[in-house]
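Here are my notes on the model you sent. They are set out as numbered points, to be read beside the structure.

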Amino acid sequence: AVQRTFVMIKPDGVKRGLIGEIISRFEKRGLKIIALKMVKMSRETAERLYEEHKGKNFFEDLINYVTSGPVVCMVIEGDEVVQVVRRMIGNTDPKEAPPGTIRGDYALSKSENVIHASDSLEKAQREMSIFFDKLDL
Ligand code: CMP
């Protein structure tokens with residue numbers, strides 16, 4: 001079924017000049033970018049995005065890192081896109097991510113891992129609504 005998912009290029013991905021490369025991979029795969037914006041997240045927004053990790057030992061570091069510079073947020077549409085994009089991105093720990101995946105090709109650190117994508121349809125809905133108005137989609 002056609003779905004929509006939320007993807008965010010994290011500050012390390014933006015700083016390292018990987019925006020074009022990453023968007024290009026999604027386009028070449030045949031997925032459609034239906035919304036796109038660069039933002040510098042506030043603490044409040046970052047805490048909302050990552051509320052499920054509140055209380056974990058890496059939470060503070062995670063919030064500091066994702067607010068350290070601009071991120072690029074997008075909504076991507078395609079057949080079974082939630083799972084397809086997760087597979088293109090690779091494991092959270094890039095050391096476990098196979099070559100050919102975005103993290104497997106561009107990252108080594110579990111915290112600075114270049115990109116985020118929603119892991120379910122429900123989360124996709126929630127996360128895209130933090131950054132995009134219904135009218136933008
Ligand atoms: P992401 O897919 O954006 O979702 C939650 C993020 O928390 C994850 O990518 C990692 O960047 C970060 N994260 C998860 N586990 C750890 C960990 N053990 N140490 C540091 N950061 C982590």
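Where does Asn 113 lie? Asn 113 sits in the loop between α6 and β4; the points below come back to this loop.

1. Basis. The model is predicted: local features need pLDDT of at least 70, side-chain atom pairs count only at pLDDT 80 or more, and totals for chains, interfaces and linings use all residues. Residue numbers start from 1 along each chain as its sequence is written.

2. Fold. The protein has seven helices and four strands. Helices (H or I, at least four residues) and strands (E, at least two) are DSSP runs, numbered from the N terminus. In sequence order the pattern is β-α-α-β-α-α-β-α-α-β-α. The radius of gyration is 14 Å, close to the 14 Å that the globule rule gives for 137 residues, so the protein is as compact as a globular protein of that length. This radius is taken over C-alpha atoms, and the rule is 2.2 Å times the number of residues to the power 0.38. The C-alpha trace spans about 35 × 35 × 25 Å along its principal axes.

3. An unreviewed UniProt entry annotates residues 2–136 as "domain: Nucleoside diphosphate kinase-like". UniProt positions are given in the numbering used here, feature names are shortened, and annotations may be inferred rather than shown by experiment. The span 2–136 is 41% helix and 21% strand, and its end C-alpha atoms lie 18 Å apart.

4. Of the 137 residues, 31% count as buried. A residue is buried if 20 or more other C-beta atoms lie within 10 Å of its own, exposed if 12 or fewer, and partly exposed in between, with C-beta atoms placed from the backbone. Two residues are in contact if their C-beta atoms, placed from the backbone, lie within 7 Å. Among contacts between residues at least 6 apart in sequence, 69% join residues at least 24 apart.

5. Leaving aside neighbours within four places in sequence, Met 8 is in contact with Val 71, Val 72, Cys 73, Ile 115 and His 116.

6. Ligand shell. Around the ligand are His 53, Phe 58, Leu 62, Thr 92, Lys 110, Ser 111, Asn 113 and His 116. A residue counts as near if its C-beta atom, placed from the backbone, lies within 6 Å. The shell divides into two nonpolar, five polar and one charged. Here Ala, Val, Leu, Ile, Met, Phe, Trp, Tyr, Cys and Pro are nonpolar, Asp, Glu, Lys and Arg are charged, and the others, Gly among them, are polar.

7. For "binding site", the unreviewed UniProt entry lists Lys 10, Phe 58, Arg 86, Thr 92, Arg 103 and Asn 113. Arg 103 is in helix α6 (residues 102–106) and counts as buried, with 23 C-beta neighbours inside 10 Å. Asn 113 is also buried, with 22 such neighbours. Not counting residues up to four places away in sequence, Asn 113 touches Thr 92, Pro 94, Arg 103 and Ala 107.

8. The unreviewed UniProt entry gives His 116 the annotation "active site". His 116 is in strand β4 and is buried, with 20 C-beta neighbours inside 10 Å. Beyond four places in sequence, its contacts are Val 7, Met 8 and Lys 10.

9. His 53. This residue lies in the loop between α3 (43–49) and α4 (59–66). His 53 is partly exposed, with 13 other C-beta atoms within 10 Å. Leaving aside neighbours within four places in sequence, His 53 is in contact with Phe 59 and Leu 62.

10. Backbone points to check. Val 114 has a positive phi of about 70° although it is not a glycine; its place is the loop between α6 and β4. Val 114 is buried, with 24 other C-beta atoms within 10 Å. Glu 80 has a positive phi of about 50° and is not a glycine either. Glu 80 is in the loop between β3 and α5 and counts as exposed, with 12 C-beta neighbours inside 10 Å.
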